[in-house]
Every structure is written in C-alpha cells, then in structure tokens.
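Subject: Structure for your review

Dear colleague,

Please find the structure below, together with its sequence. My notes on helix packing and aromatic pairs follow it.

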Amino acid sequence: MEKKILFPRVGGFLHGGDYNPEQWLDRPDILEEDVRLMKKAGMNSATLGVFSWSALEPAEGEFHFAWLETVIDRLYENGIYTVLSTPSGARPAWLDEAYPEAMRVDRTGMRARHGGRHNHCMSSPVYREKVAVIDRKLAERFGFHPGVIMYHISNEFSGECFCPHCIERFRAYLACRYDNDIEKLNAAWWTAFWSHRYNNFRQIEPPFSNGENSVMGLNMEWKRFTTWNTNDFMKAEIEVLRGVNPDIPVTANLMRLFEGLDYRKMAPDMDVVSWDNYPAFHNDRETLGETFGETAFQHAVMRSLKRGKPFMMMESAPGLVSWQAVNKMKRPGVHLLACLQAIACGSDSVQYFQWRKGRGSYEQFHGAVVDHLGTDDTRVFREVAEVGELLRKIAPAAGTIVKSKAALLFDWDNRWAIADVKAFSQDSKKYEETCIDIWKAFLRLGVDMDVVGSDEDLDGYDVVAAPMLYMLQPGTAENLKRFVGRGGQLLATYCTGYVDREQLCFLGGFPGDGLKEVFGVVSEEIDSLYPSDRNGIALEDGSRWEVRDYAEVLRVRGARVLGRYTDDFYMGTAALTCREYGQGKAYYMAARTAAEQMTPLFERMLADAGIPVRKLPEGVECHVRSGGAGSYAFYINSTSEQAVISGVTGRDLVTDTEVRGELTLPALGAAVLYTQ
C-alpha cells in the first residue's frame with residue numbers, strides 16, 4: 001500500500017496553527033519573536049489570512065498585501081510553510097455599508113446588522129463578486145510563492161439565510177429537483193394533508209419560524225438546499241483560486257458532527273478534509289477515556305469523508321478554550337495525548353487555534369501557544385514543543401492511512417429525518433449518541449470502524465453496523481443486500497427502513513424496500529418507554545440485556561430468534577434475530593440496549609468475519625496506520641493508571657525501544673509501535 005503524502009515539501013506531519021500578524025503590525029518586535037518561538041516549538045506551518053479581510057482590503061478596491069508578503073517570506077526563510085486562507089468568513093464594515101444584501105436574513109425574516117462572523121448570504125451575487133475579487137488578488141500575489149502549500153477556504157461554514165435571493169434559489173433548486181413539475185413535489189411531500197397543496201413553485205417559501213413547518217419534505221429539502229448552496233459558494237471560491245494555480249490543494253475546516261451541513265456532499269470538492277477539534281476535556285459527565293472515545297469517533301467521521309487519504313486536524317486548543325460552559329484547563333499530559341490521537345486516527349497535521357493570544361475582543365482569553373505572558377516559559381508552550389518533537393520522531397508515519405474492515409453507517413439525511421419526525425419519544429431519539437456508543441464498543445474490542453454513508457460502496461468491509469437507519473436512500477436496500485449476500489455481517493436496529501428519501505412511509509411493513517427478506521422480520525409496532533419503564537431481553541446463553549427507550553414488536557419470517565422480551569404484553573416475542581442471507585448474516589436488534597451489553601454479539605459478528613478482536617484495558621485505544629514499508633500501531637492510555645497490553649511487538653518510536661510481547665503504558669502514556 002502506497003503512502004498518500006499530503007505535503008511532500010514538509011517531509012512529515014504539519015505542525016502549526018492560526019496566526020494573526022495583522023493584529024501586531026505595530027509591534028515588529030513581536031512579529032520577529034514569533035518566528036523564533038515557532039521554530040522552538042517545532043512548528044513548520046502557520047495558517048494566515050483567516051478573518052483578515054479588513055487588513056487586506058481596508059476600503060473597497062484598496063489592497064494592502066505587503067504586510068502579508070513580508071510575513072510569508074519571513075516564515076518561509078525559517079522553514080515554516082503557509083496555509084493561506086480566503087477571508088470570506090467575516091466581512092469588513094465597508095462591505096456591509098455599501099452592500100447590505102450581503103448580510104443574512106434570519107428565520108423570522110429579519111435582516112442582520114453588521115457584526116459577528118459566518119453570517120453572510122451565500123446567494124448574494126454582489127457578495128460572491130467581492131469574494132471573488134479578493135480571492136483572485138490573493139491567488140495572483142501568493143499562488144506561486146514556494147512557501148504557500150495549501151488554500152484554506154473561508155472558515156467553519158455554517159448557517160442559513162432566508163433573504164429574497166435565497167428564496168429564489170431555493171425555488172429554482174426545487175424546480176430542478178422535481179423536474180419542474182409541481183405535482184411531483186406535491187406527491188413527494190404528501191401535501192394533501194392539511195390542505196397544503198401548492199399550485200406552483202412560486203408559492204413555496206422556506207420554513208420561516210412563523211410559516212410552514214409541518215411539511216417534512218419542505219424541512220428536509222431546505223436543509224439539503226442549505227448544504228447545496230453552501231457547497232456552491234465554496235466551489236465558487238475554489239474555482240477562482242484554481243483558475244490562477246490549480247496545483248495548490250484546497251481544504252475547508254469542518255466542525256465535529258455538525259448538524260447544519262451534510263459534509264458528505266461537500267467533501268468531494270475538497271482536496272483534503274480538515275476539521276476543528278475541541279473536546280470538552282475534564283467535564284463532569286463522563287470519564288476522560290469516554291471523552292477521548294467520542295473524539296476518536298469524530299476523527300473517524302472526518303477520515304471516512306475521503307477514504308484512503310489522510311485528513312487534517314486544522315484547529316485544536318493548545319490549552320483551554322473560551323466559549324464552553326466551563327472552560328477547563330487541559331491537565332498535564334492531555335495535550336500530547338490528544339494530538340497523538342488525531343495522528344493515530346489518520347490526521348497528517350496537528351494545528352491550533354491560536355498561535356498568540358490577542359489583547360482584546362471576543363477570543364482574547366482563548367487558549368494559545370503563546371500566552372499574554374509572551375514567553376516560552378509556560379506549561380502550554382513546553383507541551384506544544386513536546387508535541388513538535390514527537391511529530392518529528394514519528395514523521396515516517398505521515399501519509400499512511402487507517403484501513404478498516406468494519407464500518408458504521410451514518411447519514412445526515414437520516415439524522416435530520418429522525419429529529420423532525422413526530423413519532424417515538426421526542427426526548428430520547430438520540431440517533432447520534434446511539435451511533436457513537438456502538439462505534440465506541442467496537443473500539444474497545446480493538447476495531448477501528450470507518451463511518452460511512454448508507455449509499456457508499458461497502459465492498460471493502462466485512463462487518464457493518466447500521467443503527468436506526470430510519471430513512472432508506474435510493475439504492476441503500478440493494479447496497480445492503482449485496483453486502484450480506486457476498487458474506488458480510490450486518491447489524492440493523494429498531495427504526496430501520498420506515499421511510500424513503502421523501503420521508504414517505506413504506507407500505508407492507510418495516511423495514512421496507514425489500515429489506516424484510518434480508519432480515520426475515522417485520523416490525524409491526526414500536527413501543528416508546530418512559531425512563532421508569534422496565535423490560536429486558538433474555539438471550540440463548542441465559543444472559544439478560546436491559547431494554548430502554550424503544551422496543552419493536554416483530555413478526556418473524558424466516559429468521560432465527562436469539563433473544564426474547566422478558567416483560568410486558570409482548571413478553572416472549574422476538575427481540576434479537578439473525579437470518580442467513582446469501583453467504584452472510586443479517587442481525588436485527590428490535591430494542592435499544594446499552595452498546596456495552598451487546599459486546600458478545602459484536603464479538604460473534606467479528607469472529608464470523610475473520611476480524612481479530614483485541615480486548616483492551618479500560619481507557620486504552622489502539623489505532624493502526626499502514627502504508628509504504630510497514631505499519632504503525634498507536635496505543636493511547638487516557639487513564640490515571642498504568643496499563644499493560646500483551647501480545648504486541650514492534651519498535652516504539654516514542655521511546656526508541658523494542659517491544660516483544662508486552663507493552664506497559666504509564667498513566668496518560670502512549671506508544672507508537674512500528675513493524676515491517
């Protein structure tokens with residue numbers, strides 16, 4: 001397997017962060033000191049230009065690029081490369097004064113005033129025009145600079161706009177989506193209900209807060225449109241940059257499992273996927289290991305957006321943040337562990353927000369590599385420098401990838417549909433939490449699952465979990481049939497196959513679209529449980545799993561019953577089934593149980609698929625990257641206790657020692673074992 005090197009000129013992992021020299025142009029001594037400190041911290045990159053529009057173009061048509069060129073030159077002369085951002089994430093005041101249509105309209109119909117960020121209208125022709133001008137100027141000035149290795153498009157795309165431009169684009173989008181046939185839309189949206197039928201596309205408005213909110217098809221298509229429109233805006237920026245120099249790769253920084261945009265629709269237009277990683281470390285609701293486990297899931301989501309290629313951690317906090325409910329400091333050792341986890345999960349960069357704390361405004365107390373103290377004699381700076389040294393040691397792993405044989409299905413459309421549907425229990429749907437819990441249960445078995453869409457190619461996987469696949473996209477059922485038929489092990493749960501892409505219920509019983517024959521069951525009813533309700537599942541081996549939140553009543557048609565309900569009027573009926581289909585097996589879990597309880601089932605599926613299980617100590621993760629001449633096994637101990645892992649061999653690149661059979665990790669310790 002060949003390496004997928006993102007930055008050949010760097011010769012390893014990217015280590016850097018957001019740098020705002022425009023805030024310090026009156027302090028040349030600080031700008032000079034920044035370069036010295038970056039080198040001392042082991043930084044080889046800096047992200048410039050994020051939110052710099054008013055410094056680059058202080059008045060319309062008046063461009064000041066000399067300061068930026070001086071900084072890029074000085075960085076490059078000292079071995080530090082530039083990730084150059086387009087400044088479209090926040091507008092200068094002159095633009096809003098001259099072109100108020102660039103400001104968004106909210107869900108109530110109110111036009112925003114100047115201020116904040118990420119609040120521009122994606123549809124505004126004049127805003128797109130002004131963005132194109134500044135982007136082209138930047139590309140022409142810096143697009144062939146040897147120190148510029150990547151373009152960073154805008155910043156953390158988000159939000160929606162209800163202005164007249166967006167409404168017209170939405171109507172045009174719908175006309176295209178439904179072949180300019182309003183009756184197709186009426187049928188798809190079931191508008192005969194409550195007499196909500198439309199006569200033409202001009203009658204359709206987005207879901208204003210005081211308007212139409214009861215048509216699920218409208219709500220869903222508005223979310224799809226918002227993703228489409230945002231992606232169209234991003235592509236417009238990319239097109240300008242590539243028109244000058246198509247050889248510089250582009251990225252846009254994403255945000256965890258962000259609800260508002262379907263990242264799978266945006267990733268194909270990026271050369272590299274990047275994201276901003278801000279876990280709530282040391283919170284009072286979970287252990288540190290659980291926080292690390294969920295973060296690993298988020299990394300897997302990003303990694304899976306472009307399978308077979310490293311991603312980037314574009315932002316992370318070197319210390320605390322300033323915007324969480326409680327802004328805890330990272331405890332000693334946690335920063336290095338978090339950075340190494342990103343690398344372990346497939347990132348080829350460790351980058352921070354921010355390099356140096358600003359003196360004022362909104363993020364003046366957000367963590368940074370260089371504090372207001374302004375020296376390298378701080379705990380945070382020393383820990384960042386330690387990360388820089390570690391990245392140098394493990395540099396040969398850059399360009400390798402995580403190659404998994406197991407996957408979890410997660411769809412944004414499905415997420416939106418479950419959240420919107422008036423059914424089940426409104427307070428306990430928990431689609432995201434259910435997916436994360438199952439993913440983490442596999443991780444505890446040493447299996448690093450990808451997180452993919454239900455319509456994606458599953459040929460590379462042998463085990464697939466599909467929790468709460470309420471909406472079936474066109475082709476999803478056939479995709480799953482092929483997967484099981486060729487020998488795959490598939491797990492589905494309650495709420496599978498209730499509606500199609502238009503959110504119309506399948507007739508003839510759930511799961512629909514032909515999946516009943518795959519699983520050998522029909523879901524007749526679903527019971528929503530109060531927190532005080534009690535039920536369970538009795539398994540063949542005599543064990544019992546607790547049921548909470550949801551329990552489907554099944555008709556079994558050809559499946560083997562592995563577990564039965566223990567209580568209520570459906571006591572004794574099927575709760576867990578398995579059907580052999582083709583060369584594989586399709587499991588159906590009709591009730592919600594804790595993922596940890598289901599571990600024996602996961603082990604059974606992995607064994608049948610020939611995927612080895614490695615039960616790791618509590619709070620220990622293992623991720624493997626491979627490519628080139630060997631593989632790299634990353635072991636991360638996020639507990640306060642020493643951990644011992646047996647059956648491992650390799651050269652630990654962290655300590656430069658050989659490991660033969662047993663690895664001892666100290667508290668908050670890590671190892672990177674290289675084997676050929």
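A residue counts as buried when its relative accessible area is under 20%. Phenylalanine 281, at 9% relative accessibility, therefore counts as buried, and phenylalanine 292, at 0%, counts as buried as well. Please note that this is a predicted model.

Aromatic pairs

A search of the whole structure finds 37 aromatic pairs. One of them is formed by phenylalanine 281 and phenylalanine 292; this pair is tilted, with 5.3 Å centre to centre and 45° between the planes. Phenylalanine 281 lies in the loop between strand E7 (274-277) and helix H10 (288-305), and phenylalanine 292 lies in helix H10, so the pair ties together parts that are eleven residues apart in sequence.

The rings of tyrosine 470 and tyrosine 498 have centres 5.8 Å apart and planes at 50°, so this pair is tilted. Tyrosine 470 is in the loop between strand E12 (463-466) and helix H15 (476-485), while tyrosine 498 is in the loop between strand E13 (489-493) and helix H16 (515-519); the pair thus links distant parts of the chain, 28 residues apart. Both tyrosine 470 and tyrosine 498 are buried.

Helix packing

Helix H3 (residues 66-77) packs with helix H5 (residues 125-142) at an angle of about 40°, their axes being 12 Å apart. H3 and H5 are therefore oblique to each other, and H3 passes H5 in a right-handed crossing. Ala66, Leu68, Glu69 and Ile72 of H3 make the contact with Leu138, Arg141 and Phe142 of H5. By class, five residues in this contact are nonpolar, two are charged and none is polar.

With kind regards

Definitions and conventions:
Residues are numbered from 1 along each chain as its sequence is written. This is a predicted model: local features need pLDDT of at least 70, side-chain atom pairs count only at pLDDT 80 or more; totals for chains, interfaces and linings use all residues. Side-chain values use heavy atoms; hydrogens and water are left out. Axes are lines fitted to C-alpha atoms, for helices over the stretch in contact, and angles run from 0 to 180 degrees between N-to-C directions. Helices (H or I, at least four residues) and strands (E, at least two) are DSSP runs, numbered from the N terminus. Angles under 35 degrees count as roughly parallel, over 145 as roughly antiparallel, 65 to 115 as roughly perpendicular and the rest as oblique. A crossing is left-handed if the near helix is turned anticlockwise from the far one by less than a right angle, and right-handed if clockwise. Contact means heavy atoms within 4.5 Å. Ala, Val, Leu, Ile, Met, Phe, Trp, Tyr, Cys and Pro count as nonpolar, Asp, Glu, Lys and Arg as charged, and the others, Gly among them, as polar. Rings of Phe, Tyr and Trp (its six-membered ring) pair if their centres lie within 6.5 Å; planes under 30 degrees apart count as stacked, over 60 as edge-to-face and the rest as tilted. Buried means under 20% relative accessible area, exposed over 50%, partly exposed in between (1.4 Å probe, protein chains only).
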